[in-house]
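Hello,

Here is the structure I promised to pass on. Please have a look at it first, and then read my notes below.

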Amino acid sequence: HHALSLAVAGPVNDQIVDVSNNHWRFDKTRLLERLALDKLLVINDFTAQALAQHNAADGDRRQILDGIEDSSAPLLVIGPGTGLGVSALIPVVHGPLPVEGEGGHVGMSPQSADEMALFAALRHEVGHVSAEHFVSGPGLENIHRFLANSAGIETSLSAEMIATSALREEGVCRDAVNLMIGILGAVMRDHVLTLGCWRGAVITGGIMPRLQSLINSSPLKQRFQSAGEMSHILGNVPVWLSTDPLAGLKGAQAAFS
């Protein structure tokens, strides 16, 4: 019995799968035939990330915000990488039901003066300003470019270079990282409120584990728990950071069951 479970960034319900932030596309039927498979399961990459978090003991994750886990409620799984992935696990009788959406593409709602200026600058470049434009590798590059230009510095650094510099010293790179992590907190808060993820939120993806030493001094907690009259509820929602590089593979395997 030859079966393949494939986790792919982007919507996966159509026969032709078009990979987000990438030039790849493929036809499910042709893939099935070419690889002589009995079964092909194609899921969203963040559905895989979410399924990997079902049993907390299975993965490497550490708690970064305290709270009280409500096991009867959904769990949010969110992560900046080449884009911003968002999923949730809803507890149902026969195991967790993953929500397969595209939460990285929701509109970004700026709150601080910095975020409003950032939003205004990007609106001249793109038609729809989404969370992913700021909370991702390319998003970190957008934020850094904006802050550098505002300070009269003409520069364009890769996300990798920005992260390295931010970890080493204070300056524009660290300011950019702080701004990105703050916006992540706000986006996470909005998804938790919308879906009622009182079980908690898990941050995953490639960028945040690298920046974990900067999380405590960042605005993440303040932005995540700022929701007017709902702030007291968010103060009870725990947040974890997943550092398991194999979470996507484990989730793709879990998807078979």
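This is a predicted model: local features need pLDDT of at least 70, side-chain atom pairs count only at pLDDT 80 or more; totals for chains, interfaces and linings use all residues.

Residues are numbered from 1 along each chain as its sequence is written, and side-chain values use heavy atoms, with hydrogens and water left out.

The protein has nine helices and 10 strands; these are DSSP runs numbered from the N terminus, helices being H or I with at least four residues and strands E with at least two. Its C-alpha atoms fill a box of roughly 60 × 40 × 35 Å along the principal axes. Of the 257 residues, 45% count as buried (under 20% relative accessible area, with exposed meaning over 50% and partly exposed in between; 1.4 Å probe, protein chains only).

Now to helix H9, residues 247-254, where Ala-247, Gly-251 and Ala-252 are buried. Seen down the axis of H9, these residues fall within an arc of 135 degrees, so they line one face of the helix (the arc is that of the directions from the helix axis to the C-beta atoms). They pack against strand S1 (3-8), strand S4 (39-44) and helix H2 (45-52), where contact means heavy atoms within 4.5 Å. Leu-249 and Gln-253 are exposed, on the face of H9 turned away from its buried side.

Finally, the charged end of Arg-61 sits over the ring of Trp-240, 4.4 Å from its centre (the rule asks for NZ of Lys or CZ of Arg within 6 Å of the ring centre and within 35 degrees of the ring normal).

Best wishes
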